[in-house]
Amino acid sequence: LRTNNTDSINNLDYYWVWTKQNQNHCLYRVSTYLMMLFTVAVLGVLAEFLMTWRSVIANKKSHIYEELGDVSDTNRKRMEKALRFFEAFLYFICAALSYLLMLATMTFNTGLFVAVIAGLT
């Protein structure tokens with residue numbers, strides 16, 4: 001049996017298109033994975049920064065209250081409530097980021113685990 005020459009050319013074209021699509025798909029998957037690792041590492045750095053900032057605010061709270069010395073009592077109480085609310089909000093954000101990083105670590109993906117450790121270090 002004799003095959004038509006155009007059939008073999010069409011098969012080669014199909015193979016070339018198929019391999020190009022797979023290469024593009026593979027590059028997309030690798031780039032998405034690397035972007036995810038970078039994002040997780042940045043979240044780790046952000047969580048560590050917020051925890052440090054929260055502790056600095058807690059240590060300097062007395063200095064902040066001293067600077068409010070000549071403010072009326074109602075304004076002073078409002079500012080103290082605002083500072084406590086801000087501290088609570090920072091605590092919430094730190095806890096949420098910590099749990100998110102813990103869940104990323106618990107996926108048993110080595111790349112994510114290394115990204116979390118690198119971000120928290």
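Analyst: Contact here means heavy atoms within 4.5 Å. The model is a predicted one.

User: Leaving aside neighbours within four places in sequence, which residues is valine 116 in contact with?
Analyst: Val116 is among the residues with the most contacts inside the largest nonpolar core. With its neighbours within four places in sequence left aside, the residues in contact with valine 116 are Val40, Leu101, Ala104 and Thr105.

User: Which element gives the largest share of the nonpolar patch?
Analyst: Leu46, Phe49, Trp53, Val56 and Phe86 make a nonpolar surface patch of about 450 Å². Four residues, the largest share of the patch, come from α1.

User: Is phenylalanine 49 buried or exposed?
Analyst: Phenylalanine 49 is found in helix α1. The cut-off for exposed is over 50% relative accessible area. Phenylalanine 49 has 51% relative accessibility, so this residue counts as exposed.

User: How are the rings of phenylalanine 49 and tryptophan 53 arranged as an aromatic pair?
Analyst: A search of the whole structure finds two aromatic pairs. In the pair of phenylalanine 49 and tryptophan 53, the rings are 6.2 Å apart centre to centre, with 20° between the planes. Both residues lie in helix α1, four residues apart, about one turn of the helix. Planes under 30 degrees apart count as stacked, and the pair of phenylalanine 49 and tryptophan 53 is stacked.

User: Why is the pair of tryptophan 53 and phenylalanine 86 edge-to-face?
Analyst: Tryptophan 53 counts as partly exposed at 37% relative accessibility. The ring centres of tryptophan 53 and phenylalanine 86 are 5.6 Å apart. Their planes are at 80°, so the pair is edge-to-face.

User: How many residues apart in sequence are the parts that the pair of tryptophan 53 and phenylalanine 86 ties together?
Analyst: Phenylalanine 86 is partly exposed, with a relative accessible area of 31%. Tryptophan 53 lies in helix α1 and phenylalanine 86 in helix α3, so the pair ties together parts whose separation in sequence is 33 residues.

User: Which residues form one aromatic cluster?
Analyst: Tryptophan 53 pairs with phenylalanine 49 and also with phenylalanine 86. The residues of the one aromatic cluster are Phe49, Trp53 and Phe86.

Definitions and conventions:
Residues are numbered from 1 along each chain as its sequence is written. This is a predicted model: local features need pLDDT of at least 70, side-chain atom pairs count only at pLDDT 80 or more; totals for chains, interfaces and linings use all residues. Side-chain values use heavy atoms; hydrogens and water are left out. A nonpolar core is a set of buried Ala, Val, Leu, Ile, Met, Phe, Trp, Tyr and Cys residues joined through side-chain atoms within 4.5 Å. Buried means under 20% relative accessible area, exposed over 50%, partly exposed in between (1.4 Å probe, protein chains only). Patches are made of residues with over 30% relative accessible area and no salt bridge: like charges are joined within 9 Å, nonpolar side chains (Val, Leu, Ile, Met, Phe, Trp, Tyr) within 5 Å. Accessible areas come from the Shrake-Rupley method with a 1.4 Å probe; for residues, only the protein chains shown count as cover. A salt bridge is a side-chain nitrogen of Lys or Arg within 4 Å of a carboxyl oxygen of Asp or Glu. Helices (H or I, at least four residues) and strands (E, at least two) are DSSP runs, numbered from the N terminus. Rings of Phe, Tyr and Trp (its six-membered ring) pair if their centres lie within 6.5 Å; planes under 30 degrees apart count as stacked, over 60 as edge-to-face and the rest as tilted.
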